[in-house]
Amino acid sequence: MTHVRFNHAVNGVKVEGSEVIVHYNENNEVVSVNGRVNQAIADEAVDTSVSLKRDAAVKTALSAVSAPKDLTYEPTSEIVIYPFEGENHTAYKVNVNFMGDEPGNWFVFVDAKSGEVIDQYNGILHVEENKTQKGFGKGVNGDHRELHIIRTKEGASGTKFALADYSHENLDGIFTFDSKNDWDSNNDALYVGNSAAFIGDYDRAAVDAHYNSERVYEYFLNEHDRNSLDGEGMAINSYIHMGTDYNNAFWNGRYMAYGDGDGEFFISLSAGLDVAAHEMTHGVISHTANLAYRNQSGALNESFADVFGVLVDDEDWEMGEDIMAPAAKADGVTRLRSLSDPNSVVVSNPQRAAYGSGVYPAHMAEFYDMPLNVDNGGVHVNSSITNHAAYLIGQEIGREKLGKIYYRALTVYLTSNSDFSDARQAIVQSAIDLYGEGSAEQSAAVAGFDTVGIY
Ligand SMILES: [Zn+2]
């Protein structure tokens, strides 16, 4: 098949994130069309006129990111409509790329009328090329881990070793950074040790983050022929020791961050291979379907992250079983979510629990109708319904085919505003594409979604 992505445009100006995909069969006939356009922009007139000169926009962008005189590439720019915080700006999207002490691959959005910076982010973190060697360490739960590391400095402080891995062809690298119990991820401090053996207590969270990142990278490469989160070899960056006793892990659009846990509810969150796979899948999603993180599309974002979480950490269908602290386990909290039996896990956040039965839902009849200011409309709760559908399908056709079907649905069919019903359609269609009309895989997908009440 051939899949063509169309970007929504107004007067020829592209709207960031608003798209439709058209699917053609081998005879170049249109088989299906899916996607969503930004309806607010479709309804309202957007003034796409530009009063700012390109040179002025580039100059503003350079100064916004404190760019040095020597740039790696000439800055590039295009005019886009950029929906940001409730407003639709006609803006220059300027890319600024440079090396140095603080390398940057910045995207800066400059309002094409007022000349003000609307938003900016650093896309990729570059680290100097280095030769990768073997090292090892001890993980949070005591596992011996082989690691890819580099030798960094020789001199007054002697030789040092850092958690940086340049061993994978066409990949910018896998890097693990130390947040040193701060919230500051801008220190760009690679995790460093005095020897190739990372076996101290403080090392354990870093060892698991570095090791698990490589396993997840290899899963997407080997199973889905996907080179890193963006499919183009972007660097995989993890920050560990984020905050103090922090009971969370997240993907912030650029890197993974792991708290140490408070020792009561969680231990170091990087100990969970399923947690690492979950966070990295958020990275894959943001480069593919880019499911908007609210209501049903947000619950799908969470659900796909959980599904690939359990496909990579393939010993069970539970999320977070390796990061629960002894006290939590003693209270019967042995995992965060269960794909096999969602109802067996209590929603521990009382504000969220108040909108439903108090346990994770397994069927649309148990859907939590939540406002946007609570868990973005239930993204971590209602995800259980589609999680359970995935489990049911997996029981029929196995993990490998489940992964192929879900990966195709995510990368070929889903778009930013897809809902549960769109997901059913995308997954059933992917099963048909891969295994044929009337196949057992198609029946399994249909039955899985029927059972959880998504039509
Ligand atoms: Zn998540």
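Rings of Phe, Tyr and Trp (its six-membered ring) pair if their centres lie within 6.5 Å; planes under 30 degrees apart count as stacked, over 60 as edge-to-face and the rest as tilted. The model toured here is predicted, so local features need pLDDT of at least 70 and side-chain atom pairs count only at pLDDT 80 or more, while totals for chains, interfaces and linings use all residues. Residues are numbered from 1 along each chain as its sequence is written, and side-chain values use heavy atoms, with hydrogens and water left out.

**Aromatic pairs**

Begin by selecting Tyr-166, Phe-175, Phe-177, Tyr-239 and Tyr-255, which form one aromatic cluster. The whole structure holds 17 aromatic pairs. For one of them, select Phe-220 and Phe-308: the ring centres are 5.6 Å apart and the planes stand at 45°, so this pair is tilted. Phe-220 belongs to helix α3 (residues 204-224) and Phe-308 to helix α5 (residues 295-312), so the pair ties together parts that are 88 residues apart in sequence. Helices (H or I, at least four residues) and strands (E, at least two) are DSSP runs, numbered from the N terminus. Both Phe-220 and Phe-308 are buried, that is, under 20% relative accessible area, with exposed over 50% and partly exposed in between (1.4 Å probe, protein chains only).

Return to Tyr-239 and Tyr-255, a tilted pair with 4.5 Å from centre to centre and 55° between the planes. Tyr-239 is in strand β15 (residues 236-240) and Tyr-255 in the loop between β16 (249-251) and β17 (256-258), so parts 16 residues apart in sequence are tied together. Tyr-239 and Tyr-255 are both buried.

**Zinc site**

Centre the view on the zinc ion next. Its protein donors are His-278 (NE2), His-282 (NE2), Glu-302 (OE) and Glu-302 (OE), at 2.1 to 2.8 Å. Donors are N, O and S atoms within 2.8 Å of the metal (3.2 Å for Na, K and Ca); water is not among the atoms, so sites may look incomplete. Along the chain the donors follow the spacing H-x3-H-x19-E. His-278 and His-282 lie 4 residues apart in helix α4 (residues 273-286), and are therefore separated by about one helical turn. His-278 and His-282 are buried.

**Hairpin**

Finally, select strands β2 (residues 13-24) and β3 (residues 30-36), which pair in the antiparallel sense over 6 bridges; pairing requires that DSSP finds at least two bridges between two strands. Glu-19 has Arg-36 in β3 as its bridge partner. The two strands form a hairpin with 5 residues between them, and Asn-28 in the turn has a positive phi of about 60°.
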